[in-house]
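Student: I would like to learn how to read contacts between side chains. Please take me through some cases.

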Amino acid sequence: MNEKLKNKITAAVTAVLLLVISLFCILKPADDFSESERRLLAGAPKLTFESVFSSEFMEGFEAYSADQFPAREEFRGIKAFAEYNIFKKSDNNGVFQAEGHLSKIDYPGQPDMWLNASEKFRNIYDNFLKDTDCRVYLSIVPDKNYYIAGKNGYPTLDFDELAGYFRKEMDYAKYIDLTGQLSAEDYYRTDTHWRQEKITGAAGKLAESMGVISAGNCRINELDRPFYGVYRGQYAMPCEPDTIYYLSDEIIDGCRVTSYDTGMPVEKNMYDMEKAVGKDAYELFLSGSDALIVIENPAAEEKRELVMFRDSFGSSIAPLMTQGYSKITLVDIRYIQSSMLDAFINFENQDVLFLYSTALLNGSMALK
């Protein structure tokens with residue numbers, strides 16, 4: 001076969017492949033959501049004169065074509081395999097494996113994000129708490145990288161520096177250190193969150209510091225389906241799933257849970273079994289991150305209230321705090337304007353706990 005014919009065949013095959021792939025991309029319905037990555041996928045950008053000349057269309061099309069490429073998940077797996085096993089990289093898109101855990105590098109610290117969060121918290125204190133008899137506390141949930149990253153050669157956020165910053169800026173709050181009550185095994189292997197059955201010690205430390213009691217001997221219930229956390233999808237390689245366990249006792253079972261996520265009261269369960277079979281099984285705990293949730297304990301021995309400003313970590317620890325309170329109000333200011341809090345909460349003689357993870361504090365732009 002002469003060289004000219006070879007070149008023609010190569011060009012023809014390439015053209016056919018490009019045509020087939022292009023037609024597939026055009027005819028394939030766009031996916032809205034990536035189950036493995038737990039994120040929305042880019043949609044097709046609108047083609048207008050302005051969007052073309054401002055480069056907005058091409059930027060949007062680049063994101064769209066990457067997210068909607070045929071067999072995208074399979075190609076992600078091939079890339080991850082090559083990264084780890086051929087090129088011997090220690091991570092793939094920031095996700096690494098160490099001591100049986102998947103985790104994501106969160107480095108370096110972002111002081112501007114810390115400042116943003118501390119200013120939001122200061123505004124809440126100045127506007128609603130400063131002239132009240134509320135008792136204010138602060139606790140920071142360390143990322144599991146605190147326990148596994150540094151000693152395995154991965155860069156990690158300086159937790160002591162972050163905690164020191166917030167202790168200084170939030171001098172109106174008593175700090176409760178949880179680092180001694182936690183270890184790497186208290187977190188899911190494939191996810192960022194802590195495991196409820198492992199954090200009774202952390203709940204006890206919070207309760208003791210605020211002068212109440214937490215849940216004691218609870219029943220351990222197993223969710224009858226595997227749990228693949230957020231890091232599993234980002235890892236893009238096969239891995240063993242986690243198991244979700246959730247705790248119950250007479251107090252937890254007897255509580256009334258009301259969500260005000262839409263502004264109107266909606267009764268919910270402490271453990272949402274519909275969410276447990278959804279996209280993120282961790283949303284089993286209090287239906288995920290609703291803006292405002294009230295837990296009432298009719299069996300409480302004394303009338304005492306807790307207001308918890310929290311992120312998703314608060315969903316699984318709040319049930320363990322019900323033993324000591326007649327009412328717990330969970331507030332997620334990612335989904336509710338902090339300036340509107342007095343429309344829902346009368347701040348008077350409560351324990352007020354700011355409980356946030358390092359990941360949220362190091363990326364706090366979602367706080368309102």
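Student: Is F121 buried or exposed?

Tutor: Buried means under 20% relative accessible area, exposed means over 50%, and partly exposed lies in between (1.4 Å probe, protein chains only). F121 has a relative accessible area of 1%, so F121 is buried. A word on the source: this is a predicted model, where local features need pLDDT of at least 70, side-chain atom pairs count only at pLDDT 80 or more, and totals for chains, interfaces and linings use all residues. Residues are numbered from 1 along each chain as its sequence is written, and side-chain values use heavy atoms, with hydrogens and water left out.

Student: How many aromatic pairs are there in the whole structure?

Tutor: Rings of Phe, Tyr and Trp (its six-membered ring) pair if their centres lie within 6.5 Å; planes under 30 degrees apart count as stacked, over 60 as edge-to-face and the rest as tilted. The whole structure has 17 aromatic pairs. Take F121 and Y356: the ring centres are 5.0 Å apart and the planes stand at 25°, so this pair is stacked.

Student: Where do F121 and Y356 lie in the chain?

Tutor: Helices (H or I, at least four residues) and strands (E, at least two) are DSSP runs, numbered from the N terminus. F121 is in helix 5 (residues 111-129) and Y356 in strand 14 (residues 351-357), so the pair links distant parts of the chain, 235 residues apart. Y356 is buried too, at 2% relative accessibility.

Student: What kind of pair do Y146 and F159 form?

Tutor: Their planes are at 65° and their centres 5.2 Å apart, so the pair is edge-to-face. Y146 is partly exposed at 36%, whereas F159 is buried at 5%.

Student: Which rings make up a cluster?

Tutor: Y188, F227, Y246, Y271, Y282 and F285 are linked by ring pairs.

Student: How many salt bridges does the structure hold?

Tutor: A salt bridge is a side-chain nitrogen of Lys or Arg within 4 Å of a carboxyl oxygen of Asp or Glu. The structure holds 10. In one of them, D242 meets R189, with the closest N and O atoms 3.6 Å apart. D242 lies in the loop between helix 9 (230-235) and strand 8 (245-248), and R189 in the loop between strand 6 (174-175) and helix 8 (200-209), so the pair ties together parts 53 residues apart in sequence. D242 is buried at 6%; R189 is partly exposed at 26%.

Student: Which residue forms a salt bridge with R334?

Tutor: D332 does, at 2.7 Å between the closest N and O atoms. R334 is buried at 16%, and D332 is buried at 0%.
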